[in-house]
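Welcome! Open the model in your viewer, and let us walk through it stop by stop.

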Amino acid sequence: ALQERRVQWLDIGGGLRVNYESDEDTPTFAQYWEALREGVPDLSNFRLVTEMGRSLVQKTGFFASVVQYTKENQGRRMAVIMAGADLFLRTAYLPELWQHRITAHRYPDGARLESGHAPRWDVVGPLCFSGDVVARGVVLPPELRRLRDWLVVHDAGGYTLAMFSRHCSRPLPQVVGFRMKTLAEGGGQVVELELWRAEETVEQVLATWASPPPLGGPHCVDSVDPKY
């Protein structure tokens, strides 16, 4: 006689890729499930657990920075922004696998600046090593105004703050949430902003590197058995 089935749950992990090439959210979870049902029909007999980390959060966030500096070195145009390998760690070390779209926007209304057939730029961060690069060969407007124009790094909701690097004692940036709010009169919509996390202060950054309490301090063990 067949015994009662012991396995009730299956953890099938993650693995659903993210579309970095546009704002379109594809492939969808529904498409993923249909592919599973077609390829492994017996999965419907179990309760499934997934670990969809990146595909859940990647498109929920973006990083925006004013252009800090522009410069040219050996024919390469470079735009310096306020994040690099500290926030985009995987992009800096595996640029062929982690490529983010970058767009330029006008201050103060945020209108997108058209690039057309403009020259290509390298977008780099503020850290002190040559690998501090967010993107290479990005088509951006021929002239970016320092401390005026903004660059947006899209699809930055995952593997950014969770992997933040303390190299050069960089502070964690502020995190601002936004939602579309429908107006009571007229039915129009406005963007509603809410500060979720303030930028770290100098004191908070220094506390990361705080020294341990001195010997004899309140957390020090007074005596140790010599045999240990």
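Which strands each supply at least two residues of the lining of the largest pocket? Select β3 (63-66), β9 (150-153), β10 (175-182) and β11 (189-197): each of them does. Strands are DSSP runs of E with at least two residues, and helices are runs of H or I with at least four, numbered from the N terminus. This is a predicted model, where local features need pLDDT of at least 70, side-chain atom pairs count only at pLDDT 80 or more, and totals for chains, interfaces and linings use all residues. Residues are numbered from 1 along each chain as its sequence is written, and side-chain values use heavy atoms, with hydrogens and water left out.

Stay with the largest pocket. Its lining has 39 residues, and Phe62, Phe63, Ala64, Gln174 and Val176 lie nearest its centre. A pocket is an open set of points on a 1 Å grid over the protein atoms alone, with protein on both sides within 12 Å along at least five of seven lines; lining residues have an atom within 4 Å of a point.

Next, select Pro95, Gln99, Val134, Ala135 and Arg136, which lie nearest the centre of the second largest pocket. Here α3 (89-93) and β8 are the elements giving two or more residues to the lining, and β8 has the largest share, with 7 residues.

Now follow β8 into its sheet. This open, mixed sheet has 4 strands in the order β4-β5-β7-β8; strands pair if DSSP finds at least two bridges between them. β4 (69-73) and β8 (133-139) are at the edges with a single partner strand each, so one side of each has no neighbour in the sheet.

Finish at Tyr69, whose bridge partner in β5 is Val80.

Key. 1 Å grid on protein atoms, 1.4 Å probe; cavity = no way out; pocket = protein on both sides within 12 Å on 5 of 7 lines; lining within 4 Å.
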